[in-house]
Amino acid sequence: MDAILLQVLNGIDKGSAYALIALGLTLIFGTLGVVNFAHGALFMLGAFVAVTVGKILDISKITIDPERLDFLGNPAKIRTPYVTEWFGDFGYWLIEWSVLVSVVVAIPVMVLIGIIMERGLIKHFYNRPHADQILVTFGLAIVLQNIIKAVYGANPIPQSAPDLLQGSVDFGVLVGMTKDTVIYPLWRLVYFIFSMVLIGGVFAFLRFTTFGMVVRAGMADRETVGLLGINIDRRFTIMFGVAAAVAGLAGVMYTPISPPNYPMGMDFLVLSFVVVVVGGMGSLPGAVLAGFLLGIIESFASMPLIKDAIAAIGLPAIDQIIIYLIAVIVLLVRPRGLMGKTGIMEE
Amino acid sequence: MTLMRDRTLLIIFTLFVLAAPLIFAPTGAAYPDLLQRFAIYGIFAIGFNILFGLTGYLSFGHAAFLGVGSYAAVWMFKLLSMNILPALLLSVLIAGLFSLVVGYISLRRSGIYFSILTLALAQMSYVLAYSVLTPLTNGETGLQLRLDDPRILDAAGPEGFLPSTNLFGLEMREVFWSPTVFGYDLQFNWGYYVSAVMLILSFWISIRIFRSPFGLMLRAIKTNQTRLKYTGVSTRPYTLAAFVISGMFAGLAGGLLASMDPLAGAERMQWTVGGEVVLMVVLGGMGTLIGPVLGAVFIKYFENIFSKINDSVLQGWFAFMPGWLDNFFVTIVSPFVGKGWGLTLGALFMIVVIFLPGGLVDGAKRIGRKITGADRRAAKVESK
Amino acid sequence: MSRLIMNRRGLLKTGAAVGAGMAMPTVLTAGGHGYANAPTGSTVTLGFNVPQSGPYADEGADELRAYYLAVKHLNGEGDGGMMNTFSSKELQGTGILGRKVEYVTGDTQTKSDAARASAQSMIQKDGAVMITGGSSSGVAVAVQALCQEAGIIFMAGLTHSNDTTGKDKKANGFRHFFNSYMSGAALAPVLENAYGNDRVAYHLTADYNWGWTTQESVQAATEAKGWTTVANVLTPLTATDFSSYIAPVLNSGADVLVLNHYGGNMINSLTSAVQFGLRDKLVNDKNFEIVVPLYSRLMARGAGENVKGIYGSTNWHWSLQDEGSKAFVQSFGEEYGFPPSQAAHTVYCQTLLYADACERAGTHQPCAVVEALEGFDFDGLGNGPTHYRAEDHQCFKDVLVVRGKENPTSEFDLLEIVEVTPRAQVEYPADHPMFAGGALGNCNNG
């Protein structure tokens with residue numbers, strides 16, 4: 001029981017990352033009709049916004065301490081971050097909560113990156129075949145990766161969660177089980193709640209605002225909305241920015257879970273495409289649902305018990321291929337995915 | 001008319017390929033290993049172009065066939081003989097069978113769904129080859145020859161040495177002639193010429209397919225599949241045939257890679273390698289005859305030559321300048337070469353996709369047109 | 001074209017140790033000197049083949065720094081580094097055999113294919129007489145096999161799998177770095193002292209050769225001390241989130257978790273394990289502990305706070321206080337401003353060892369170099385008295401057991417040495433079952 005609950009938690013946690021990326025991918029596809037292979041790179045850029053904020057907060061005044069020696073036997077340099085020098089305790093608080101500072105910073109930065117991407121590049125590809133869109137965004141992803149590698153190196157850079165949110169909680173006790181059976185990292189729970197809020201926010205935005213209504217109308221029938229004299233292009237551009245921000249925020253919040261490095265976007269890219277396809281191309285609820293579903297299935301597949309049982313019937317290492325296997329089965333049995341419409345992108 | 005043009009193209013191509021050790025000498029790429037790679041990845045790209053260029057089906061999974069071909073070839077070297085002929089035959093056969101299975105499954109869908117199906121199947125092959133299939137693939141370290149392999153057809157060689165791959169006695173790694181021409185030390189190598197002959201053959205087959213009714217049908221599928229279906233044509237057999245043909249080309253390329261250098265690693269099956277062949281075809285010009293080969297040469301050149309330009313080489317280049325200017329240029333250029341070669345390649349790739357939808361071939365045509373004025377006919381010597 | 005001329009002129013002009021990036025091919029078949037790529041002019045070219053893209057690119061960058069430093073020292077520039085403390089006194093700072101040392105570099109991308117392509121270009125185009133480098137066992141084994149066939153010496157960089165000098169050993173290849181078996185043998189007594197001899201271990205193992213050999217070695221060594229192993233779960237190489245593998249550990253009855261992971265895998269799995277509160281748990285009335293068999297400083301840096309107090313083994317660490325280590329840290333630190341990593345140390349040693357073997361053999365001829373290195377005993381390179389065993393070309397030397405430092409004073413001061421395990425304790429017979437199944441074969445002159 002406790003083992004199952006743990007894997008459910010792991011699943012929804014993984015799933016929330018998948019869902020966030022897939023949501024952004026589907027937004028772009030649904031509004032602009034563009035297959036964006038650079039979406040994983042946006043996730044990665046978000047994570048590196050957090051790294052950058054951390055580095056900026058850590059810019060330090062260097063003083064020489066003659067008492068202590070460094071590894072070469074020279075007087076040691078003592079670093080005091082300027083923010084603590086200027087703001088005192090508030091500075092320490094900023095450094096401590098740098099992940100949340102990054103969230104605040106990442107929203108405008110990622111929206112801007114998204115808008116620049118759309119206006120500068122994607123715009124010119126609306127009327128080109130999907131293959132061209134895939135290729136040019138794939139190229140963009142390579143370029144973005146290499147820029148990040150040139151600036152930050154290849155080694156993962158750890159980002160810690162605020163002290164208050166580090167460590168783990170006894171989740172079992174919360175749901176009325178015995179003590180010490182289901183212990184779960186606090187930050188992962190924060191990640192889950194954060195993504196629920198974000199997903200809810202995007203849905204509410206689309207459903208309850210006039211802007212969102214127009215966008216939804218545009219997704220359904222771009223031409224008619226355009227004929228009504230509404231500047232749908234501008235709204236779509238903004239939606240691209242929103243999608244970029246969703247991916248970026250997913251990246252920022254992910255940094256305490258997995259220290260970011262430059263190829264992380266590509267790792268998520270293939271997965272998120274699988275999620276989108278399983279959920280159904282162009283369906284926002286489908287993307288979210290599939291994200292959670294795949295996360296949970298993947299978690300269960302990696303339980304030793306299940307792994308061994310499946311290996312016994314002749315399918316070893318099921319945890320390594322389960323995601324792809326599901327993608328293949330869904331595509332063959334129900335090509336429109338869980339909640340998609342038939343016929344989308346079948347050219 | 002087309003026939004004549006094709007014949008001219010084939011002859012020019014053949015001459016170029018045969019003279020490659022001389023032609024590439026000034027570029028620093030004229031050493032056997034890289035020339036072999038040019039030819040082999042050229043074959044891979046030519047095959048991929050038959051699927052992608054003609055039918056428009058974008059597969060991200062062709063790396064799996066390349067890998068399977070390599071494994072098959074190395075197993076032949078281990079068990080049967082170091083002669084590359086049986087190895088190549090088995091590579092093509094196994095890759096053909098494997099692509100038949102993969103193609104049969106994934107061609108049930110089209111568009112992006114097809115791409116993701118091939119991607120998923122290839123990734124599955126890769127992770128399995130890396131881990132659980134290790135008895136068959138030797139996993140991380142790659143399948144390689146050992147001193148105690150049976151090699152039942154071969155006579156025992158000298159004790160303690162691995163035999164080398166050969167074609168009826170012609171050793172693949174042997175440089176049979178190394179003259180000095182115009183100050184360049186040239187290396188003529190059997191391995192390259194075997195690959196070159198295969199490349200020319202592949203090129204010829206590709207021309208034949210492009211001009212055949214079958215090729216026409218494939219193009220019709222790309223243009224408007226729905227209309228074809230309404231007229232009662234079942235397109236699946238045609239696309240499946242194209243898929244298997246391209247898979248066999250990939251298998252041949254994989255087998256040749258193993259013949260030149262008898263090692264087969266699992267990374268060869270990763271989807272990024274499958275992505276690389278897409279880049280090759282698009283860079284060169286998809287749907288053209290010569291484009292894929294150009295793209296393959298371009299990318300392999302970058303990977304092997306640009307990645308070796310380090311700061312001290314750059315300092316050598318700019319040494320004629322005054323010190324400060326020298327350092328300035330080294331600082332400017334160095335992020336784009338050496339460890340930054342990926343950045344340059346990605347950027348160039350984007351530029352080609354954005355500005356030259358027809359790839360390098362398209363670019364060459366445009367330049368040609370500029371030079372000869374607006375005379376389109378003269379510029380249209382190219383494949384189409 | 002004009003570039004090329006510039007290049008060649010530049011080469012002559014600067015006269016520094018300049019790589020021959022786009023220079024012309026050099027003759028390479030076994031020519032008049034009877035071996036491949038015999039140097040003819042006043043220079044000799046070495047090939048430094050390291051990962052410059054992919055997940056280990058930073059490790060590769062550190063290796064390159066050490067190579068540049070070694071070339072400087074060999075050519076008589078700089079302070080000489082470990083050449084001054086090296087027990088063999090053949091190297092005089094006049095290059096190798098009087099020839100100035102030049103180098104070419106390449107990118108292995110941590111893929112055997114790319115690594116072999118890069119090595120081939122060094123051999124066929126640049127006329128490199130020795131190839132060295134690498135930051136993973138798959139690549140090391142692949143390039144070692146290539147060098148064997150081409151008749152070139154291969155001096156392995158960071159490669160820890162038993163196979164490199166076990167079932168995949170080659171006559172032309174040499175490894176200075178330690179291996180999985182040694183990690184297990186060095187760790188087990190320290191773990192016994194620290195955690196007792198009735199521990200129950202749970203292994204998470206990266207699902208490929210290196211992971212398996214490491215797991216096998218650590219399990220055997222700890223079980224010999226009385227530990228039991230409750231489970232060994234294989235994890236996908238491509239995994240980035242290990243939560244679903246960590247969670248079952250909690251209730252498995254194990255009280256030690258062994259992470260047979262390297263690089264990004266290790267950083268992510270350790271981060272997850274610590275976040276799951278494993279280290280705050282009491283199991284069987286004992287504190288739950290985590291062990292990482294192979295440590296590197298870059299990994300420790302990637303895992304940040306989470307490495308504190310966690311045991312592992314390493315080939316070398318810059319805080320060692322012997323003369324050799326001090327000299328190396330001094331000259332590396334002066335040059336680059338931070339201390340060298342173990343990867344940098346091992347490749348620096350390998351370069352000096354190769355150069356010294358050539359001096360002693362009086363030639364670059366591979367078979368003579370092999371003979372000079374086989375059974376060679378030396379000291380002063382930071383690991384104490386060291387022996388290059390003739391049977392499998394593996395170096396035998398002390399192994400360091402380290403622990404993540406509780407109060408690091410800088411971003412490089414992450415590990416502290418717990419014990420220097422003496423060489424005798426990590427030695428094994430050449431026909432040990434974990435290393436069985438291969439043969440060196442004959443040395444190849446090309």
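Modeller: Welcome! Helix α3(B) has a kink of about 40 degrees, centred on N49(B); the bend at a residue is the angle between axes fitted to the seven residues ending there and the seven starting there. This is a predicted model, where local features need pLDDT of at least 70, side-chain atom pairs count only at pLDDT 80 or more, and totals for chains, interfaces and linings use all residues. Residues are numbered from 1 along each chain as its sequence is written, while chains are lettered from A and ligands numbered from 1 in the order in which they are written.

Biologist: How many residues of α3(B) are buried?

Modeller: A residue is buried if 20 or more other C-beta atoms, placed from the backbone, lie within 10 Å of its own. Helix α3(B) is largely enclosed by the rest of the structure, because the buried count is 24 of the 24 residues.

Biologist: Is A253(B) buried or exposed?

Modeller: A253(B) sits in helix α10 of chain B, residues 236-260; helices are DSSP runs (H or I, at least four residues), numbered from the N terminus. Exposed would mean 12 or fewer neighbours. A253(B) has 35 C-beta neighbours inside 10 Å, so the answer is buried.

Biologist: Which residues does G263(C) touch, not counting residues up to four places away in sequence?

Modeller: G263(C) lies in helix α8 of chain C, residues 263-275. Contact asks for C-beta atoms, placed from the backbone, within 7 Å. By that rule, G263(C) touches P55(C), Y56(C) and M299(C).

Note on methods
Helix = DSSP H or I, 4+ residues; strand = E, 2+ residues; numbered from the N terminus. Contact = placed C-beta atoms within 7 Å.
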